Amino acid sequence: MAQYKDIFKIKHNDLQPEKGKILISEPFLQDAYFQRSVVLLVEHNHNGSMGFVVNKPTGLIVNDFFPELKKSPVIPIYLGGPVSSNRLFFIHSLGPVIPDSVQIEENLYFDGDFEALKRYMLSGNPFNERIKFFLGYSGWTKNQLDGEIVRDSWLVSHSSDRSLMLAHDDSFWTRSVELLGRPYETWINYPKNPEMN
């Protein structure tokens with residue numbers, strides 16, 4: 001199996017992780033949370049890193065947890081990561097409309113005043129493709145993520161705010177790999193469950 005994996009092994013691209021960048025998992029990462037995942041980094045500094053897996057739906061919806069949102073359009077919840085998996089987080093493109101938001105990049109923000117967010121949604125404002133919810137987050141201690149990147153577990157890349165909001169399954173991982181260029185085409189052909197081949 002190790003030799004089989006080596007065929008698909010590609011050296012990382014030397015792009016450095018930072019807030020607003022994405023992490024694309026290598027294809028043979030079999031972790032339940034991170035297999036074929038794309039993670040948006042919302043923090044990366046000398047203390048550690050924090051992000052959300054943007055393409056793993058849980059099958060749950062926000063509407064079921066907040067009675068006042070029962071009649072709102074369906075709002076899916078994604079699996080952000082294994083840390084604080086009982087807590088709801090969100091990213092959005094609403095900026096200062098939501099007080100206490102943390103800016104990730106020009107048109108992308110993290111968390112903020114949840115009551116203000118609910119008021120915004122209940123006021124009839126459009127929020128499809130503007131807000132995305134997660135259960136839990138992905139976290140790395142000091143130097144941990146850098147070490148995983150050096151070991152080629154992740155590739156660092158860019159992604160648009162809109163594509164992150166629209167990401168909903170493994171196809172976003174595939175598209176993100178395709179955008180990396182020809183050297184990474186072999187990743188797409190690596191079977192998700194190699195032991196079944």
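Are Phe 89 and Tyr 137 buried or exposed? Phe 89 is buried, and Tyr 137 is buried as well, where buried stands for under 20% relative accessible area, exposed for over 50% and partly exposed for the range in between, with a 1.4 Å probe and protein chains only. The model is a predicted one, in which local features need pLDDT of at least 70 and side-chain atom pairs count only at pLDDT 80 or more, while totals for chains, interfaces and linings use all residues. Residues are numbered from 1 along each chain as its sequence is written, and side-chain values use heavy atoms, with hydrogens and water left out.

A nonpolar core is here a set of buried Ala, Val, Leu, Ile, Met, Phe, Trp, Tyr and Cys residues joined through side-chain atoms within 4.5 Å. The largest such core holds 26 residues, of which Leu 40, Phe 52, Val 54 and Ile 91 touch the most other members. Among the elements that give two or more residues to this core are the strands β2 (38-45), β3 (48-53), β6 (83-92) and β9 (131-141), and the helices α4 (161-166) and α5 (170-178); helices (H or I, at least four residues) and strands (E, at least two) are DSSP runs numbered from the N terminus. Apart from this core lies another, of 15 residues, including Val 62, Phe 66, Leu 69 and Ile 75. In soluble globular proteins, nonpolar side chains tend to be buried together.

Not counting residues up to four places away in sequence, Phe 52 touches, among others, Leu 40, Phe 89, Ile 91, Phe 110, Phe 134 and Tyr 137, a contact being heavy atoms within 4.5 Å. Ring pairs also link Phe 52, Tyr 78, Phe 89, Phe 110, Phe 134 and Tyr 137 into a cluster. Rings of Phe, Tyr and Trp (its six-membered ring) pair if their centres lie within 6.5 Å, and planes under 30 degrees apart count as stacked, over 60 as edge-to-face and the rest as tilted. The whole structure contains 14 aromatic pairs by this search. One of them, between Phe 89 and Tyr 137, is edge-to-face, with 5.6 Å from centre to centre and 80° between the planes; because Phe 89 lies in strand β6 and Tyr 137 in strand β9, the pair ties together parts that are 48 residues apart in sequence. Phe 90 and Phe 114 form a tilted pair, at 6.1 Å centre to centre and 50° between the planes, which links strand β6 with helix α2 (residues 114-122) across 24 residues.

Strand β9 also holds Lys 132, which is buried yet has no salt bridge, the nearest side chain of opposite charge being Asp 169 at 9.5 Å. Here Lys and Arg count as positive and Asp and Glu as negative, without His and the chain ends, and a salt bridge is a side-chain nitrogen of Lys or Arg within 4 Å of a carboxyl oxygen of Asp or Glu. A polar atom of the Lys 132 side chain does lie 2.5 Å from the backbone oxygen of Ala 167.

By the salt-bridge rule the count comes to 9. Asp 111 and Arg 87 meet in one of them (3.3 Å, N to O), and since Asp 111 lies in the loop between β8 and α2 and Arg 87 in strand β6, the pair ties together parts that are 24 residues apart in sequence. Asp 111 counts as buried at 12% relative accessibility, whereas Arg 87 is partly exposed at 43%.

Key. A polar contact is a pair of N or O atoms within 3.5 Å; within protein, one must be able to donate a hydrogen and the other to accept it, and residues adjacent in sequence count only if both atoms are side-chain atoms.
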